[in-house]
Amino acid sequence: MDRGCGPITVVLRGSVTGTVISDVGAGPAPGPPVGAAEPLLRLRGVTKRFGPVQAVVGVDLEIPAGQVTALAGDNGAGKSVLIKCIAGIHAPEEGQISWEGRPVHFRTPRDAAELGIETVYQDLALCDNLDIVQNMFLGRERVRRRVLDEEDMETAARETLSSLRVTTVRSIRQPVASLSGGQRQSVAIAKAVLWDAKLVIMDEPTAALGVTQTAMVLELVRRLADRGHAVLLVSHNLNDVFQVADRIAVLYLGRMVAVRPAAEMDRQIVVDLMTSGSSTRSAPPSGGAS
Amino acid sequence: MAKVDEPAPGVSKEEERSEEAAEASAELAVSPELVAGSVSEYLRASFARIRAGDTGILPVVGGLLLVSIIFQSLNSHFLTAANLVNLLLQAAVFSVLAMGEVYALLLGEIDLSIGFVGIGIGGTVLVELLKPSGADWPWWAAIAVALLACALIGLLQGSIITRIGLPSFVVTLAGLLFWQGVMLKILGNGGSILISDPIVIDIASGNLTPLASWIVVLVIVGLFGVMTWRRDARRRAAGLVAPPPGLTAAKIVGVLIGGVALVLLCNADRGRLVPIRGVPWVVLVVFGVLALWTFVLGRTRFGRYIYAIGGNAEAARRAGVNLARIRTLAFMLCSLTAGIAGVIYVSRLRSISTSVDGGTLVLYAVAAAVIGGTSLFGGRGKAVHGVLGGIVIAAIDNGMGLLGFDASTKYMVTAIVLLAAVTIDAVARRGRVAGR
């Protein structure tokens with residue numbers, strides 16, 4: 001990894017222990033037992049400008065393994081820019097990104113992918129004319145003596161799909177064009193898992209799906225986190241957010257206005273934060289999950 | 001239809017039900033050999049798939065049968081051994097040129113220049129290098145340089161298309177004009193240059209001996225059979241998606257019948273004055289190109305990336321595929337294949353002349369690829385489509401000729417067949433998208 005090059009100040013933070021989850025106005029996360037360890041990914045003061053426009057300003061965020069972190073925000077709040085900074089598509093002008101306690105600097109999506117950051121994009125990035133196995137291995141095909149090793153790939157793809165309990169597809173040799181929206185999303189997620197992603201970023205994974213398909217994908221998201229992957233879920237849909245998220249981060253006009261455990265939020269607080277950047281309401285006693 | 005994946009025990013009733021609709025539509029689109037448990041199920045699945053719009057090579061095979069029946073009923077000379085072998089010779093240039101065009105079409109692009117690049121430049125370079133009064137090169141060196149010239153032209157055009165980002169239609173249209181000009185420049189005014197190299201002439205005019213024909217064809221069929229059987233058996237043993245044994249056997253027997261029929265056809269005496277027997281060399285050349293490009297497209301990373309780019313270029317880019325490199329290489333192979341067609345063309349006519357009509361040839365190549373089943377919209381197609389489409393075009397040409405029609409009618413009929421093929425492609429595509 002290229003260090004000390006480019007404008008990002010790099011500070012080694014490997015010795016920080018007992019990290020609390022960064023937040024505005026709330027205490028440390030009581031949630032799952034990851035609290036004491038170094039978070040998988042940590043952003044400090046990340047800023048990204050496009051000319052005079054400040055898309056993301058001084059964002060702090062920590063993404064622990066084994067949890068679903070939801071990133072909420074209105075249109076134009078900077079959600080997409082932020083995940084593109086994490087995925088290596090944009091290079092932030094200021095701020096630090098640390099991965100497993102070590103400072104890193106992504107110059108291309110490849111750099112991020114090598115560390116284990118995979119992004120499942122809104123438009124899925126699947127080739128309709130290729131089958132499930134071919135899509136899952138696209139760009140990283142296994143070869144034996146320069147010839148594609150279909151048997152090896154098919155076996156690995158099948159193991160990954162069944163480990164995620166994606167069992168609704170008829171045949172993993174069917175073209176992706178013939179899959180339902182939820183199945184396509186499942187394939188895209190399984191692709192990330194197959195490539196050993198430690199952090200899976202999902203951009204509006206349920207935007208185009210019906211009710212049952214959405215439930216299927218959310219169940220898969222939950223399963224990913226339970227298997228120890230970190231998940232960063234970008235969503236408009238507060239139903240989805242409260243259903244699967246362990247922690248909720250809210251962006252407002254490029255600034256991170258809150259990062260709190262989902263149990264300390266409810267729908268109204270999140271809406272207040274998304275639309276005005278602050279909320280005077282107090283957290284519900286029993287959590288906001290519906 | 002075999003049920004391959006039972007829902008996991010924990011899955012809720014509701015989820016199961018919701019997937020039924022998706023499964024019902026998926027059932028139609030799955031490659032039938034992947035889900036079927038027996039030959040009868042395979043046939044049933046195939047039928048369902050055709051109804052759903054994914055037709056494969058069926059339309060072109062059906063079209064070929066239809067064309068044969070029509071011409072045979074109008075002129076009983078059409079289905080004689082002599083005429084059918086002649087038809088294969090006629091088809092060779094179209095088929096090889098169309099296999100080149102498949103590379104461009106798979107990317108969702110088009111190459112309009114390969115008529116003049118392959119036949120015009122490739123043929124002219126070959127003839128100039130063979131001229132006894134000129135370079136007088138050995139045949140292999142002349143062919144190698146001719147093919148190299150074509151490949152370099154493809155590399156140049158591909159680089160312009162991918163690096164500068166110009167539409168392939170415009171770049172190759174410019175190529176069509178430019179290389180026609182270069183060809184005319186080299187050949188001079190109204191020139192026609194003959195070749196006398198016996199080996200180059202033999203490519204299109206020579207035949208294997210009847211015994212060698214049997215040996216070569218049976219060896220090829222045997223290799224195909226052993227490889228296919230072993231691969232399918234291995235996949236079945238590993239529990240992977242594989243066709244049932246009956247289907248594998250049927251496929252091998254089908255190829256064997258085809259091979260035997262070809263040899264019987266070619267070994268029948270088709271000479272008028274002296275006996276002529278045996279499989280023409282050019283059939284082996286076409287088959288060799290077909291086998292090579294089928295392997296490259298189906299079994300290598302490069303081929304996989306061509307399909308990926310044609311299906312969703314953005315997805316391929318995000319997966320780390322170097323789009324510019326793959327596209328440029330594809331245009332290079334397109335022109336290189338056209339060069340092979342140029343060699344066959346020169347060998348068949350035993351000359352090259354300024355009357356080479358590269359414009360019509362390339363349009364026939366596009367038509368052949370599409371008639372064969374390659375999609376104009378990118379991402380779907382195979383080398384074999386070019387070969388089958390080339391045979392259809394040659395059959396129309398040949399049959400209309402036998403019936404005494406002139407070029408005007410041939411063009412009109414070919415146009416109608418092309419339109420029918422594109423319609424099938426577009427309708428099938430619509431069916432697929434709607435079926436999702």
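In the predicted model, the crossing of helix 13 and helix 14 of chain B is left-handed. Helix 13 covers residues 301-318 and helix 14 covers residues 323-349 of chain B, and the two pack with their axes 10 Å apart at an angle of about 135°. Helix 13 of chain B and helix 14 of chain B are therefore oblique to each other. On the side of helix 13 of chain B, the contact involves B:Phe302, B:Tyr305, B:Ile306, B:Ile309, B:Ala313, B:Ala316 and B:Arg317. Helix 14 of chain B contributes B:Leu323, B:Ile326, B:Arg327, B:Leu329 and B:Ala330. By class, the residues of the contact between helix 13 and helix 14 of chain B are 10 nonpolar, no polar and 2 charged.

The contact of helix 9 with helix 12 of chain B comprises 5 nonpolar residues, no polar residues and 1 charged residue.

Residues of this pair also meet B:Ile344. Neighbours within four places in sequence set aside, the contacts of B:Ile344 include B:Ile203, B:Ala204, B:Val282 and B:Val285. B:Ala92, B:Val93 and B:Val96 are also in contact with B:Ile344. The largest nonpolar core has 203 residues, and B:Ile344 is among the members that touch the most other members, together with A:Val221, A:Leu233, A:Val250 and B:Ala365. The element that gives the most to this core is helix 5 (residues 81-106) of chain B, with 15 residues.

In chain A, helix 5 (residues 181-194) and helix 6 (residues 211-226) have axes that come within 8 Å and cross at roughly 15°. That angle makes helix 5 of chain A roughly parallel to helix 6 of chain A. The crossing of these two chain A helices is right-handed. Helix 5 of chain A takes part through A:Gly181, A:Gly182, A:Gln185, A:Ser186, A:Ile189 and A:Val193, which meet A:Gln213, A:Met216, A:Val217, A:Leu220 and A:Leu224 in helix 6 of chain A. The residues of the contact between helix 5 and helix 6 of chain A divide into 6 nonpolar, 5 polar and no charged.

Chain A contains 8 helices and 12 strands, whereas chain B contains 17 helices and 2 strands. Of the 290 residues in chain A, 54% are buried; of the 436 residues in chain B, 44% are buried. Among the contacts in chain A with a separation of 6 or more, residues 24 or more positions apart account for 69%. In chain B, 77% of the contacts between residues at least 6 apart in sequence join residues at least 24 apart.

Most residues other than glycine have a negative phi. A:Glu100 is not a glycine, yet has a positive phi of about 50°. A:Glu100 is placed in the loop between strand 4 (94-99) and strand 5 (102-104) of chain A, and is partly exposed, with 16 other C-beta atoms within 10 Å. A:Arg145, also not a glycine, has a positive phi of about 50°. The loop that holds A:Arg145 runs between strand 7 (143-144) and strand 8 (147-148) of chain A. A:Arg145 is exposed, with 5 other C-beta atoms within 10 Å.

In chain B, B:Leu240 is found in the loop between helix 10 (210-237) and helix 11. B:Leu240 counts as partly exposed because 18 C-beta neighbours lie inside 10 Å. Residues up to four places away in sequence not counted, B:Leu240 touches A:Glu151, A:Glu154 and A:Thr155 of chain A as well as B:Arg235. Helix 11 of chain B (residues 245-267) includes B:Ala261. B:Ala261 is exposed, with 12 other C-beta atoms within 10 Å. B:Ala261 and B:Gly401 are 140 residues apart along the chain, and their C-alpha atoms are separated by 25 Å.

Terms used
Residues are numbered from 1 along each chain as its sequence is written. Chains are lettered from A and ligands numbered from 1 in the order in which they are written. This is a predicted model: local features need pLDDT of at least 70, side-chain atom pairs count only at pLDDT 80 or more; totals for chains, interfaces and linings use all residues. A nonpolar core is a set of buried Ala, Val, Leu, Ile, Met, Phe, Trp, Tyr and Cys residues joined through C-beta atoms within 7 Å. A residue is buried if 20 or more other C-beta atoms lie within 10 Å of its own, exposed if 12 or fewer, and partly exposed in between; C-beta atoms are placed from the backbone. Helices (H or I, at least four residues) and strands (E, at least two) are DSSP runs, numbered from the N terminus. Two residues are in contact if their C-beta atoms, placed from the backbone, lie within 7 Å. Axes are lines fitted to C-alpha atoms, for helices over the stretch in contact, and angles run from 0 to 180 degrees between N-to-C directions. Angles under 35 degrees count as roughly parallel, over 145 as roughly antiparallel, 65 to 115 as roughly perpendicular and the rest as oblique. A crossing is left-handed if the near helix is turned anticlockwise from the far one by less than a right angle, and right-handed if clockwise. Ala, Val, Leu, Ile, Met, Phe, Trp, Tyr, Cys and Pro count as nonpolar, Asp, Glu, Lys and Arg as charged, and the others, Gly among them, as polar.
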